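Here are my notes on the model you sent. They start at the domain boundary and then move to one helix and its charged neighbours.

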Amino acid sequence: MKAIQLTAPSLKAFRQVELPDPQAGPGEVLVRLRAATLNFVDVAIATGHFPGAGFPMVPVADGSGEVAALGEGVAHLAPGLAIGDRVVPHFMPNWLGGAISARNVAAMRGITLPGSLADYVLVPATSLVALPPHLDFAQGAALPIAATTAWNAVRSAPLRPGSVVVLLGTGGVSIFALQFAKASGATVILLSSSDEKLERARQLGADHLVNYRATPAWDEAVLKLTAGRGADLVVETVGAATFARSLNAAAVGGTVFTLGFVGGTSLSIDLLPIIIKSLRIVGNNTGSVADLADAARAIAAHRMLPVIDQSFAIDEAPAAYAALSASGKHFGKIAIVQ
Ligand SMILES: NC(=O)c1ccc[n+]([C@@H]2O[C@H](COP(=O)([O-])OP(=O)(O)OC[C@H]3O[C@@H](n4cnc5c(N)ncnc54)[C@H](OP(=O)(O)O)[C@@H]3O)[C@@H](O)[C@H]2O)c1
């Protein structure tokens, strides 16, 4: 089969290769990949900023495709699964459900396991989720990391209609979180560096828009917009650069869902806002197959459309990575289609 390999942690180290055709073993499904989408973690791996990847490797965690072959015993593990079914393989195939454990997050597609820039991939039958019927392959490929994480973010706080959710930026996770938060009746305050992106977010339902370049003290803007109360949930997609302001923007008893590191991972922090406001700081590492399945069902029920900003052909993978990493221009997801 044809594949793209990353031979070293460098954005200049992509090469097209021929690899042996994989054969489905017991409990495995061979998936003919049709699309992938990029996450910030793919860029972190390709630039040597994320541990655990071995090189050479087939990169890109998230993908979607069609069932091409079923291994022995799959009929019992995934009843009804048939050749030709449109499927999404989960990023962490061993984490089927329940609580996180060291074992169930050790295997990650595109990091410790082959990723999505290939004709085919072998995955455990139990790691597959049906692609919602109203989505195309690129939209479906956006689900494993970004939609699962955003789904877990919005479920991490007891949101009621009118609860206030703050979203940082307009990347893949924030835009899914905007869609899930609006579907749950929340009021969304969304930040971006770009007025044009804020306008796109408004069209997706964001209630209040703050340009964090024009208003660096955006936490004070959140307090003003909420009559001093603050946000019930802050989805922290940025990290060190914004964490102190996220604590300040949160309401008494609020939740800061901590997942991102585009703005760094190290900081010194004043603990008093956490203590005085009894904040819940919830760390997150993506989610399980069951979480992905729930996110996909919510997307199907609300007929939500994942936002694909740009699509590239598979032999344009370096340009797709550049679009995510360098420009800061994307809104939602960047796809690679086959
Ligand atoms: N732990 C987990 O479960 C998990 C899962 C998924 C992703 N992540 C992490 O979460 C982060 C976001 O992922 P992603 O895929 O959504 O990334 P992405 O698509 O690359 O989006 C990043 C966005 O961050 C925004 N941003 C950057 N600096 C900002 C700042 N100072 N204030 C507010 N917004 C800022 C930018 O928005 P504007 O261009 O609009 O300014 C940018 O588009 C990454 O670090 C990723 O690795 C973690």
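1. Domain 1 and domain 2 share five residue pairs in polar contact, both residues at pLDDT 80 or more. A polar contact is a pair of N or O atoms within 3.5 Å; within protein, one must be able to donate a hydrogen and the other to accept it, and residues adjacent in sequence count only if both atoms are side-chain atoms. On the side of domain 1 that touches domain 2, helix H4 (143–155) and helix H10 (289–301) are the elements that give two or more residues. Helices are DSSP runs of H or I with at least four residues, strands are E runs of at least two, and both are numbered from the N terminus. The residues on that side divide into 14 nonpolar, four polar and three charged. Here Ala, Val, Leu, Ile, Met, Phe, Trp, Tyr, Cys and Pro count as nonpolar, Asp, Glu, Lys and Arg as charged, and the others, Gly among them, as polar.

2. A word on provenance. This is a predicted model: local features need pLDDT of at least 70, side-chain atom pairs count only at pLDDT 80 or more, and totals for chains, interfaces and linings use all residues. Residues are numbered from 1 along each chain as its sequence is written, and side-chain values use heavy atoms, with hydrogens and water left out.

3. The division is as follows. Domain 1 covers 2–147 + 287–337, and domain 2 covers 157–283. These bounds come from an automatic or database domain assignment. The C-alpha centres of the two domains lie 28 Å apart.

4. How much area is buried between domain 1 and domain 2? About 1,500 Å², with carbon and sulfur atoms giving 74%. Buried area is the accessible area (1.4 Å probe) that two parts lose on being put together, summed over both. In domain 1, Phe40, Met304 and Phe331 lose the most area to domain 2, together 40% of what that side buries. In contact terms (heavy atoms within 4.5 Å), 21 residues of domain 1 meet 15 residues of domain 2.

5. One salt bridge is counted between the domains. The term means a side-chain nitrogen of Lys or Arg within 4 Å of a carboxyl oxygen of Asp or Glu. Asp309 and Arg200 form a salt bridge at 2.9 Å, N to O. The pair links distant parts of the chain: Arg200 sits in helix H6 (residues 195–203) and Asp309 in strand S14 (residues 308–313), 109 residues apart. Arg200 is partly exposed at 32% relative accessible area. Asp309 is also partly exposed, at 21%. The cut-offs are under 20% for buried, over 50% for exposed and in between for partly exposed (1.4 Å probe, protein chains only).

6. Next, helix H7 (residues 218–225). Its buried residues include Trp218, Asp219, Ala221, Val222 and Leu223. Their cover includes strands S8 (164–168), S9 (187–192), S10 (208–211) and S11 (231–236), plus helix H8 (243–249). Ala227 follows H7 and has a positive phi, near 55 degrees.

7. Which residue pairs with Asp219 in a salt bridge? Arg245, at 2.9 Å, N to O. The two are 26 residues apart, Asp219 in H7 and Arg245 in H8. Asp219 is buried at 5% relative accessibility, whereas Arg245 is partly exposed at 31%.

8. Asp232 forms a salt bridge with Arg229, the closest N and O atoms being 2.7 Å apart. Asp232 is buried, at 18%. Arg229 is partly exposed, at 47%. The whole structure holds nine salt bridges.
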